[in-house]
Amino acid sequence: AIGRNGRPDFMDRIVTLFLLTAPRLIKELEIASEAVEIAALHRASHSLRPCSATVGALSLATLCEALETLARSGSVPNPTARVAAIAREYKRVEAALIGSVAD
C-alpha cells in the first residue's frame with residue numbers, strides 16, 4: 001500500500017537500507033556476545049528490533065526484543081547462542097528480502 005501512493009520504489013528503498021544496516025548490527029551483537037557486554041547487546045538489539053519489524057521480519061524482531069528485554073534487566077544467559085539465533089534468522093530474512101527486491 002505504501003508503494004502505491006505515488007512512490008513505487010519506497011519499500012525497495014526501505015528494504016535496501018535494512019539490508020545495508022542489519023549486518024553491522026549483527027556484527028555488533030556478535031562482538032558484544034563474545035565479550036558479554038550487556039549494554040552493547042541492549043543497544044544493538046534495540047536498534048535491530050524496529051528495523052526488522054518495519055520490513056516484516058517479525059520473527060527476527062521477536063528474537064531481538066527478547067534479547068533487548070534480558071539485556072535491560074542486566075543479565076543475558078547464554079548470549080552467544082541467543083545472538084547466533086538472531087544471525088541465523090537474519091540470514092533467512094535476508095534471502096527472502098533479496099528475492100523480493102529482485103522481483
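Which residue, with a positive phi near 100°, follows α3? Gly74 is that residue, and the legends below place it among other details of the chain.

The model shown here is predicted, so local features are described only at pLDDT of at least 70 and side-chain atom pairs only at pLDDT 80 or more, whereas totals for chains, interfaces and linings use all residues. Residues are numbered from 1 along each chain as its sequence is written, and side-chain values use heavy atoms, with hydrogens and water left out.

**View 1. The whole protein chain has four helices and zero strands.** Helices (H or I, at least four residues) and strands (E, at least two) are DSSP runs, numbered from the N terminus. Read along the sequence, the pattern is α-α-α-α. Of the 103 residues, 32% are buried, where buried means under 20% relative accessible area, exposed means over 50%, and partly exposed lies in between (1.4 Å probe, protein chains only). Among the contacts with a separation of 6 or more, 59% are between residues 24 or more positions apart, a contact being heavy atoms within 4.5 Å.

**View 2. Helix α3 has buried residues along one face.** The 16 residues of α3 should span 22 Å at 1.5 Å a residue, and the end C-alpha atoms are 22 Å apart, which agrees; the expected span is 1.5 Å times one less than the number of residues. Leu60, Ala61, Cys64, Leu67, Glu68 and Ala71 are the buried residues of this helix. Seen down the axis of α3, these buried residues fall within an arc of 130°, so they line one face of the helix; the arc is that of the directions from the helix axis to the C-beta atoms. Leu58 and Ser73, on the other side of α3, are exposed.

**View 3. Gly74 sits in the loop between α3 (58-73) and α4 (79-102).** With 49% relative accessibility, Gly74 counts as partly exposed. Although Gly74 and Ile38 are 36 residues apart in sequence, their C-alpha atoms are 6.6 Å apart in space.

**View 4. Leu63 belongs to helix α3.** Because its relative accessible area is 33%, Leu63 is partly exposed. If residues up to four places away in sequence are not counted, Leu63 touches Ala85, Ile86 and Glu89. The C-alpha atoms of Leu63 and Val83 are separated by 8.8 Å, and these two residues are 20 apart along the chain.

View 5. A disulfide is a covalent bond between the sulfur atoms of two cysteines. Here the term is applied to a pair of cysteine sulfur atoms within 2.5 Å, and a search of the whole structure finds zero disulfides. The cysteine sulfur closest to that of Cys51 is in Cys64, 9.1 Å away, which is too far for a bond. Cys51 counts as partly exposed because its relative accessibility is 29%, whereas Cys64 is buried, with a relative accessible area of 0%.

**View 6. Phe18 and Tyr90 form an aromatic pair.** Rings of Phe, Tyr and Trp (its six-membered ring) pair if their centres lie within 6.5 Å; planes under 30 degrees apart count as stacked, over 60 as edge-to-face and the rest as tilted. A search of the whole structure finds one such pair, and Phe18 and Tyr90 are tilted, at 5.9 Å centre to centre with 55° between the planes. This pair links distant parts of the chain, since Phe18 is in helix α1 (residues 10-35) and Tyr90 is in helix α4, 72 residues apart. Both Phe18 and Tyr90 are buried.
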